[in-house]
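Here's a quick briefing to read alongside the model. Have the sequence and the coordinates open as you go.

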Amino acid sequence: MARPDADENEEKPLDPEIDKVRGKLIRFMAINLGLLLLALMVVIAAIVYKSRKASPENPPLAGDIQTPAGEPVSGDIVLPIGAKVVSQSLSGNRLSIDAELADGNRTIFVYDIAERRLIGRFAIRNK
């Protein structure tokens, strides 16, 4: 096999018009890659933000209260002396009791069944 000439191994300079097109193509690729990386960083930042943001915990439902099998839930709800229960309402693990107090005023007591404690007392008054 014949040895190639040294002139064939050397790169020949590009035509100025082709060099301009090549420069535009490189600049186009660089801008597009930059925009792509920027968009990727925005998506990753949004994912990190959403994952770090605490989602509100749903309160346990009344059926989720831990009790021994076969035994009912029991506890004491202490109302003021002379109070009469007018109505009650259950929502999840919250119980609201509408009571008429001894002095004739009405109050709503909110009781958390899971924690077995009174969590709110709201007086009903006229302006």
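## Salt bridges and their surroundings

At 42% relative accessibility, R117 counts as partly exposed (buried means under 20% relative accessible area, exposed over 50%, partly exposed in between, with a 1.4 Å probe and protein chains only). R117 forms a salt bridge with E115, with 2.5 Å between the closest N and O atoms; here a salt bridge is a side-chain nitrogen of Lys or Arg within 4 Å of a carboxyl oxygen of Asp or Glu. This is a predicted model, where local features need pLDDT of at least 70, side-chain atom pairs count only at pLDDT 80 or more, and totals for chains, interfaces and linings use all residues. Residues are numbered from 1 along each chain as its sequence is written, and side-chain values use heavy atoms, with hydrogens and water left out.

**The salt bridges**

- The structure holds four salt bridges, among them the R117 pair with E115.
- E115 is partly exposed too, at 46% relative accessibility.
- D19 forms a salt bridge with R22, and their closest N and O atoms are 3.6 Å apart.
- D19 and R22 are three residues apart in helix α2, so about one helical turn separates them.
- Both ends of this pair are partly exposed: D19 has 39% relative accessibility and R22 has 46%.
- D98 forms a salt bridge with R106, where the closest N and O atoms are 2.4 Å apart.
- The two ends of that pair fall in separate classes: D98 is buried at 12% relative accessibility, while R106 is partly exposed at 34%.

**The overall layout**

- The protein chain has two helices and four strands; helices (H or I, at least four residues) and strands (E, at least two) are DSSP runs, numbered from the N terminus.
- Along the sequence, these elements follow the pattern α-α-β-β-β-β.
- Of the 127 residues in the protein chain, 11% are buried.
- The protein chain exposes about 11400 Å², and carbon and sulfur atoms supply 58% of that area; accessible areas come from the Shrake-Rupley method with a 1.4 Å probe, and for residues only the protein chains shown count as cover.
- Take the contacts in the protein chain between residues at least 6 apart in sequence: 20% of them join residues at least 24 apart. Contact means heavy atoms within 4.5 Å.

**The sheet**

- Four strands make an open sheet in the order β1-β2-β3-β4, with antiparallel pairing; two strands pair if DSSP finds at least two bridges between them.
- β1 (84–91) and β4 are at the edges with a single partner strand each, so one side of each has no neighbour in the sheet.
- On average, neighbouring strands of this sheet are turned by 20 degrees against each other, direction ignored (axes are lines fitted to C-alpha atoms, for helices over the stretch in contact, and angles run from 0 to 180 degrees between N-to-C directions).
- Strand β2 (residues 94–100) pairs with β3 in the antiparallel sense over seven bridges.
- β3 is also joined to β4 by seven bridges, and these two strands run antiparallel.

- D98 lies in strand β2, and its bridge partner in β3 is I108.
- Leaving out residues up to four places away in sequence, D98 touches K84, V85, V86, S87, R106, T107, I108 and I124. R106 is also the salt-bridge partner of D98.

**The β3–β4 turn**

- β3 and β4 form a hairpin with four residues between them.
- R116 sits in the loop between β3 (106–112) and β4 (117–124).
- Phi of R116 is near 55 degrees, a positive value in a residue other than glycine.
- R116 is partly exposed, with 41% relative accessible area.

**A nonpolar patch**

- I31, L35, L38 and V42 make a nonpolar surface patch of about 390 Å². Patches are made of residues with over 30% relative accessible area and no salt bridge, where like charges are joined within 9 Å and nonpolar side chains (Val, Leu, Ile, Met, Phe, Trp, Tyr) within 5 Å.
- L35, one of the patch residues, is in helix α2 (residues 16–52).
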